[in-house]
Amino acid sequence: MNQQTLSAFTWSVADLLRGDYKQSEYGRVILPFTILRRLDCVLAATKPAVLAELEAKKAQGIISDPFLLRASGQSFFNTSQLDMKKLMGDQDHIRENLFAYISAFSPAVRDIFERFEFHAQVERLSKCGLLYQVTERFSQIDLHPENVSNFQMGLIFEELIRKFAELSNETAGEHFTPREVIRLMVNLIFIEDDDVLSKPGVVRTIYDPTAGTGGMLSIAGEYLAEHNPKARLTVFGQELNPESYAICKADMLIKGQDVSNIVFGNTLSDDGHAGTRFDYMLSNPPFGVEWKKVEKEVRREHDTQGFNGRFGPGLPRVSDGSMLFLLHLISKMRPAAEGGSRFGIVLNGSPLFTGGAGSGESEIRRYVLENDFLEAIIGLPTDMFYNTGISTYVWIVSNRKPEHRKGKVQLIDASAMWQKMRKSLGSKRKELSDAHIEEITRLFGQFAETELDGKPISRIFRNSAFGYQTITVERPERDEAGKIVLGQRGKAKGKPVPDSKLRDTENVPLDEDVNEYFKREVLPHAPDAWIDHAKTKIGYEIPFNRHFYVFTPPRPLEVIDAELKQTTDRIKAMIEGLIA
């Protein structure tokens, strides 16, 4: 099914709903019915075998689920004599028959329709007198797997979600990430493991704690199937939005994955895969979203479990929880001794530099860099995501860095690598072409400093280059006569009393000697100053853009003067022409 056919079909159903449903509610009907029709088509070929197996096992008094799964050739089944075509044969009992048909699915599928609150929609359609017409319309669309591949079905889901998110003024970006961004991330996490992944029979796990509709998990599976059809990727995920969760689960079900690995709930407050570790991970957590709703649970884990929990290194400010997902993924890395892990996470600019020395954000960066987990950060173009036009960055994190990467971080500026989309989708106006994805992957793989047209696009730094010490510089209090005031008691007795009004702080690069810096930068301007070493804090920040800034000297003054003279002479001539 191409996009044009899909669009025409979707709007033909929308025409039926118009008047009884608001535009913003169309998705509540069309999404679950699309899934129902897809499942119906997927099971069609083996339905007779399933029903025959059911009768045989009933006669033997055997619990039949494992046998029915085998007969269906899928990870789900349906034991009803009905299918969507047969439902059309009894218009008067469409409601009861549809409920009976759905209840005959295996438990994982029933859960999908419960998350959609499909029961309520069937009741509503029935009361409006629309249930038969809508069901009939869906029974006529061909979603059989031989005509619509799993890949195409994924695109159909994406298109529908985006369409309905726009109609209901939701942000589509909360539900899925642009495919080309996922492809880039998948390339980057797999690139150094091509040898391992190409071995026959290899089994690896991948996890997405903000799974949305499952796009990241699907594309990772497609990549591996392309490069090594004999490899197997077992997927795990968690999702908070009920509809997205339902679509993700349906997609994974059709692809033969164990859908019990897809968990519903809030990853931060209720880890659905506690104690589990993974080979690979991908995530696009919400940008700049506060975590106040789960603050109590997160703080409790931080305070009571420390580094035995997920949030030991520190907590970011409540207004942005994206770094909590970074810590969550680090806690899910398979120990290095057992093969380690690599993951990619999309973050906005804030986690690079927000928060001074000692803050939660700085302490998280410190933990990541001092443990040598950060392999690379890739700066993407603006206007790449459906719900925001801001700059975004892909962090590649691993506890099994290759030898040549150890102790170092690569920064890649891909902000100029984009092509304009033919049609904007929400805030998304730009996309990465295949050539751009290849180029970024090559830059990452080469791990070398690179320039393009005289501008750096790949730079490599020691981890310590992002660290600094914030020192507190004190100056003495003086009396009216200008004499230094000395302390009168305790440890401060006989020592200059610091003047809080003159107190200042300086950030000294971690690789630089503090005393040398102080002599050079402070004492020439304030000879009476000293450092209060007890107040020194270590901080980390990653000033990404500064490392790619190229100074362009201004044009010489004589050139500017000559241009000004030319302009004024031209204006003067025009005025004289008017007067004449």
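Predicted model: local features only at pLDDT ≥ 70, side-chain atom pairs only at ≥ 80, totals over all residues.
**Overall features**

The chain has 580 residues, of which 50% count as buried. Its C-alpha trace spans about 105 × 90 × 50 Å along the principal axes. The secondary structure consists of 21 helices and 16 strands. Among contacts with a separation of 6 or more, 76% are made by residues 24 or more positions apart.

**The ten-stranded sheet**

Ten strands form an open sheet with mixed pairing, in the order S3-S2-S1-S4-S5-S7-S6-S8-S12-S11. Its edges are strand S3 (262-264) and strand S11 (450-452); each has a single partner strand, so one side of each is left without a neighbour in the sheet. On average, and with direction ignored, neighbouring strands of this sheet are turned by 15° against each other.

Within the sheet, strand S8 (residues 408-413) and strand S12 (residues 455-462) run antiparallel and are joined by five bridges. Lysine 408 has arginine 462 in S12 as its bridge partner. Helix H13 (residues 215-227) packs on the sheet, where H13 touches strand S1 (203-208), strand S2 (232-239), S3 and strand S4 (280-283). The direction of H13 makes about 175° with that of S2.

**Helix H18 and its cover**

Helix H18 (residues 360-370) has the buried residues Gly360, Glu361, Ser362, Ile364, Arg365, Val368 and Leu369. Their cover includes elements of both kinds: helix H16 (322-331) and helix H17 (350-353), together with strand S6 (374-379), S8 and strand S16 (537-540). S6 and S8 also belong to the ten-stranded sheet. Just after H18, aspartate 372 adopts a positive phi of about 60°.

**Aromatic and charge-over-ring arrangements**

The structure holds 17 aromatic pairs.

| Residues | Arrangement | Distance and angle |
|---|---|---|
| Phenylalanine 190 and tyrosine 280 | Aromatic pair, edge-to-face | 4.7 Å centre to centre, 90° between the planes |
| Phenylalanine 544 and phenylalanine 548 | Aromatic pair, tilted | 5.1 Å centre to centre, 40° between the planes |
| Lysine 57 and phenylalanine 67 | Charged end over the ring | 4.6 Å from the ring centre |
| Lysine 430 and tryptophan 418 | Lysine over the face of the ring | 4.3 Å from the ring centre |

Why do phenylalanine 544 and phenylalanine 548 count as buried? Buried means under 20% relative accessible area. Phenylalanine 544 has a relative accessibility of 3% and therefore counts as buried; phenylalanine 548 is buried because its relative accessible area is 9%.

Ring pairs also build a cluster, which links Phe9, Phe33, Tyr101, Phe105, Phe113, Phe118 and Phe138.

Definitions and conventions:
Residues numbered from 1 in each chain as written. Heavy atoms only, no water. Pairing = 2+ DSSP bridges. Helix = DSSP H or I, 4+ residues; strand = E, 2+ residues; numbered from the N terminus. Axes fitted to C-alpha atoms, helices over the stretch in contact; angles between N-to-C directions. Contact = heavy atoms within 4.5 Å. Buried < 20%, exposed > 50% of the residue type's maximum accessible area, 1.4 Å probe, protein only. Phe/Tyr/Trp six-rings, centres within 6.5 Å; stacked < 30°, edge-to-face > 60°. Lys NZ or Arg CZ within 6 Å of the ring centre and 35° of its normal.
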